[in-house]
Amino acid sequence: PGVFHEEVFMKNGKRIAALLGVAALLVIFCLPMFFALKGDFSQGAFMASLYTVLFAAIMGYVIWMVFRLVNKKKNEEDKHMIKNIVFDVGLVLVEFNWQTYLDSFHFEKEKRDKIAKATFQSEVWDERDRGLLEEEDYIRKFQALAPEYADDIRRVIERSTECVVKMDYAETWTKYLKSQGYHLYILSNYSRYMLDGTKQNEMPFLKYMDGVVFSCDVQQIKPEVDIYKTLLKRYSLKPEKSVFLDDRAVNCEGAGKAGIHTIQFENLKQAAKALEKLGVK
């Protein structure tokens, strides 16, 4: 409330000052006419008033030019308002091609489709990212969805880290953005098993990050707004100065609810152009 009243006071103060300035200028510009119409005016008084009018006009022009320069600088600063760039990991900085991986087992189509639905396409897969249970508990949940293929499901899950491969551009891109002075962060849904199995070899970009939030560490998942707030609070980030890149629209919507700028990632070229529109170059 105190800040609100202070802002109102400042706005009213500026309005009053502007009105007083206009009134003063009107008086100054009316001085020559006043002396010209006054019966007992002297030439010196008239000239003095005329010079005053000319001086006021010049000063008004100078003040206007200064205002334009200051306003231009402010607009430039607003264009470069983004200070924090937040990345999702899967399909943004690393490849996650579970379809090709699953095909490598050469299951017959019906079996392959059932295993896919019981693992990568199941709600258990997303639930696993929250990290509330041990890995063995999640494997049993996967198996329960297609018990006739229990052994194959275990094999698929135990080798599932093979789905994750670093993008060629990821390290170069994040290194460049870091060199430009931006603060970089990770906000990603990731299970403990997948994270432990891919972090060292497939995420070289982590060394350029100022902070990371993986869902399994905080037991929250996107697009729930709480995980975005966790990131903002943990690293004292202002949402209006932050932009979040994610391949999924629903996750971008979650970030938007937290007041964060969003870009739905499609490819590097598209994302770079979208960042440029926000002043990130």
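1. Phe265 counts as buried in this predicted model, because its relative accessibility of 6% falls under the 20% limit. The residue is placed in the loop between strand E7 (261-264) and helix H13 (268-277).

2. The aromatic partner of Phe265 is Trp173, at 6.3 Å centre to centre. With 40 degrees between the planes, the pair is classed as tilted. Trp173 is likewise buried, with a relative accessible area of 9%.

3. Trp173 belongs to helix H8 (residues 170-179).

4. Over the whole structure, the search finds 15 aromatic pairs. One of them joins Tyr101 and Phe120, whose ring centres are 6.2 Å apart. Their planes stand at 90 degrees, so this pair is edge-to-face.

5. Tyr101 is part of helix H3 (residues 98-103), while Phe120 sits in the loop between helix H4 (109-118) and helix H5 (123-128). The contact therefore ties together parts that are 19 residues apart in sequence. Tyr101 and Phe120 are both buried.

6. Tyr101 and Phe120 are also members of one aromatic cluster, formed together with Phe96, Trp98, Phe105, Phe107, Trp125 and Phe142.

7. Trp125, a member of that cluster, has a charged neighbour as well: Arg128 lies over the face of the Trp125 ring, at 4.8 Å from the ring centre.

Conventions. Residues numbered from 1 in each chain as written. Predicted model: local features only at pLDDT ≥ 70, side-chain atom pairs only at ≥ 80, totals over all residues. Heavy atoms only, no water. Phe/Tyr/Trp six-rings, centres within 6.5 Å; stacked < 30°, edge-to-face > 60°. Helix = DSSP H or I, 4+ residues; strand = E, 2+ residues; numbered from the N terminus. Buried < 20%, exposed > 50% of the residue type's maximum accessible area, 1.4 Å probe, protein only. Lys NZ or Arg CZ within 6 Å of the ring centre and 35° of its normal.
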